[in-house]
Protein chains: 2
Amino acid sequence: MTQLIQTLTGIVGTHNVLQGTDLSEYELDWRQRVRGKALCVVRPGSTAEVAAVVKACAAAGAAIVPQGGNTGLVAGSIPDASGTQVLMSLRRLNAVRQLDPENLTLTVEAGCVLQTVQEVADAAGFLFPLSLGAEGSCTIGGNLATNAGGTQVVRYGNARDLCLGLEVVTPQGEVWSGLNGLRKDNTGYDLRDLFVGSEGTLGIITAATLKLYPKPVAHLTAWAAVASLEDANRLLGLAHRQLGASLTGFEVMNQFALSLVDKHYPHLRVPMWHDHAWCVLLDVSDHESEAHARGLFERLLESAFEAGIVADAIVAESLKQVHDLWHVRESITLAQVEEGHNVKHDISVAVSRIPAFVCQADAALAAALPGVRFVNFGHLGDGNLHYNIQAPADCDAKAWVQAHETQISAIVYEAVSAFGGSISAEHGVGELKRHLLPQYKSAVALKLMQAIKTAIDPLNTLNPGRVLDARH
Amino acid sequence: MTQLIQTLTGIVGTHNVLQGTDLSEYELDWRQRVRGKALCVVRPGSTAEVAAVVKACAAAGAAIVPQGGNTGLVAGSIPDASGTQVLMSLRRLNAVRQLDPENLTLTVEAGCVLQTVQEVADAAGFLFPLSLGAEGSCTIGGNLATNAGGTQVVRYGNARDLCLGLEVVTPQGEVWSGLNGLRKDNTGYDLRDLFVGSEGTLGIITAATLKLYPKPVAHLTAWAAVASLEDANRLLGLAHRQLGASLTGFEVMNQFALSLVDKHYPHLRVPMWHDHAWCVLLDVSDHESEAHARGLFERLLESAFEAGIVADAIVAESLKQVHDLWHVRESITLAQVEEGHNVKHDISVAVSRIPAFVCQADAALAAALPGVRFVNFGHLGDGNLHYNIQAPADCDAKAWVQAHETQISAIVYEAVSAFGGSISAEHGVGELKRHLLPQYKSAVALKLMQAIKTAIDPLNTLNPGRVLDARH
């Protein structure tokens, strides 16, 4: 292993091979639940260096764990505890390679921070629509490796849908380059989408050509109270019909989730939560004018009132109010932390099945664990809920969560499974959910995945034991 | 082989195993350029029958060639001449399984004709936006197996982008079902997109869950004359910025292509072709009203006139005129046939590189073959041109094409390659372009594709020799 470190130092330079110091920044996961121990951290500065590092590790039989901003929620980029895995940080690989306005594309390296990508697009008059909580520190390579979701998926799709091409270093250290910005190419298998979402187990993404959109001239937000998830779905259907592609966000929040924001951040002035079971946040992006966007919302909400779907609603009066409304939505996660320990889930079912799923999961949990509290919110437009469970009000939350976490998740995932859903809608599998796949994913799918992994990475050196079991 | 036919008859019934009669409908390709000879045609009526047929063929070592509507343009679903391959027609597998309006999804079997899918969606108030010339006879299974494109890709993407999930029979005869209509699912590798576009070489698509869109309330078309492809690109950029997602079509046609329509179909009244090098057809879909759509076009064309981008333009006055304008565009292919033999290409480069590509390819061809005539049209919004070459006016076109076809395509593909483009933008590889891939596709990509094929179909019984070489 000393020999390998010497070789790596020869490739990337002494300053870019880290060992013997505090490597928590790389070895401890974002939620501080998993700590690993790397042989070393290697920080290549070019695609050629990535390829050379991969070749050297393959020759030495050393496993590589690729990492971007280390903001993942499933411990997919943390080395194991063995001290033998090489952690490859892609953060130095952060050049903006090319902006092509006529092709509506932006080619960037994997280590670019998502917010930087958004800003580069914005400065040129375009929108890169991927948007999520960690955007200030997550990297685009990690976003693509995990097929990140976020708040605008209802209009623009997941990270996968925002990528036209990739540059990837294979487990053999070869470089596949697909950065030509083609919108149509039917000359063989879709390698791009195979690497996207494979969590670094099939190849290392070093650069990507991303889709840009013309920047809307106006952005407006509305907040509406509804009596039930059924009504929230009716409002969604109406919004799709009347707004078409102008509908760029549709988030739902239950009363208890909003009550926590009100309790812990009273200055945020949460609208309407007190008298309504659910609130919905809607976003419109408009290519004409703010007045036009406002007209669209007024027409929609009028129809919704008439149809008895919406009990109360406001449209933001200013850009400040747009930010304030979104700030309430984004404060739910922190308010949960303030309230105490809880159990999180990131699940999806078909949009149409959301109400029945929630009804069934709520009932099963309430029966098994009287007093549980439901913090339920998320991207209803995509059928994706963060269905989280807060400990009963009057107990030692930490002990309660430790005692019941496994049972709670099993109940939730059984309900998800009964409704044909996914136990990881947008966060991936990584280390933390790998053991659940055999139970909740089709055996045929797992067999196909394993065959692909073995074919592309026969030595199992790329992020072994993530997504699939390490079998060697 | 007699034994295999008996087994197949036992699975699907005597009437659904065809042999000893005229099988041209299945054995001769759409463009009548390739004729094969099948051992038999087998027509399963359910997914279970497909699986049983695949198992029986695998046990007998017989290859299977899956076929939908037999409208492909690269002979990807025609058996070879050996008389040993089983042609599996999916046309009987044509049930509409489920329409889920709240989830905006439609689940159909592979043999459903595309137009039927469009009509089912339309009758329920939705749009299924895949639209292409063969829609009256091609099947959705074939559309997905070849990742079909068409005329609305600029807004809705290729067939791949319109599919949320698949049901697939693997080469081992197992069924993978992914029809749950999830918009987010990050529990492993993207098998869906691996099967989409794999042309029946990795599995047989038996059903799909498709994305629906709310049906626009108005659809309007404009026709504009521009002096150059550079100006066409400027108009495209302006249209993206002003129309956003309301822009649902952007087609370009050169003067010679339109002159052929005018010559052979004078009753069609081709607008503006006589005085302008290029014409553009723009489509707007609107969720408000026809008046609003008209306003959008008027604003766009006013800006374009002011910027000196557009020389002349009309907006359709009626739905009839919308159809008439599209009919001109769609008549180019037939007008080419009337004019005589020609050489077709289906290429793509980045939108921004289209003008330079055409300039270079035109010059290379004119230098090599004086008198060649360029029929150049296609989906400029996607960087996809049907860059076709008509024989010189005064020669025996058939003999000329026979003598020069290979040389012409080589010149075109060299230019495509120089601009980082694709030699098959939307038609696939099949039999006819397979031999070109080693020259025009990255060796790393081909190696990855071959590894995947071998891993998933180790006996090479599914559509062998298509996309990739048959290696045994």
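**Chain A and chain B: the interface and some local pairings**

I start with polar contacts: between chain B and chain A there are 45 residue pairs in polar contact, both residues at pLDDT 80 or more. A polar contact here is a pair of N or O atoms within 3.5 Å; within protein, one must be able to donate a hydrogen and the other to accept it, and residues adjacent in sequence count only if both atoms are side-chain atoms.

This is a predicted model, in which local features need pLDDT of at least 70 and side-chain atom pairs count only at pLDDT 80 or more, while totals for chains, interfaces and linings use all residues. Residues are numbered from 1 along each chain as its sequence is written, chains are lettered from A and ligands numbered from 1 in the order in which they are written, and side-chain values use heavy atoms, with hydrogens and water left out.

In contact terms (heavy atoms within 4.5 Å), 83 residues of chain B meet 83 residues of chain A. The area buried between the two chains is about 6600 Å², with carbon and sulfur atoms giving 57%. That is the accessible area (1.4 Å probe) that two parts lose on being put together, summed over both. Lys184(B), Asn186(B) and Tyr189(B) lose the most area in chain B, together 16% of what that side buries.

Now salt bridges, meaning a side-chain nitrogen of Lys or Arg within 4 Å of a carboxyl oxygen of Asp or Glu. One example joins Asp382(B) to Lys184(A), at 3.3 Å from N to O. Another salt bridge pairs Asp231(A) with Arg234(A), with the closest N and O atoms 2.4 Å apart. Both of those residues lie in helix H8 of chain A, 3 residues apart, about one turn of the helix.

How are the copies related? A rotation of 180° with 0.0 Å of shift along its axis superposes chain B on chain A, RMSD 0.0 Å. The two copies are therefore related as by a two-fold rotation axis. The same surface serves both, since 100% of the contact residues of chain B recur in chain A. The superposition is by least squares on the C-alpha atoms of residues with pLDDT of at least 70 in both.

Last, strands, which pair if DSSP finds at least two bridges between them. Chain B has an open sheet of 4 strands in the order E1-E2-E4-E3, with mixed pairing.

Terms used: Helix = DSSP H or I, 4+ residues; strand = E, 2+ residues; numbered from the N terminus.
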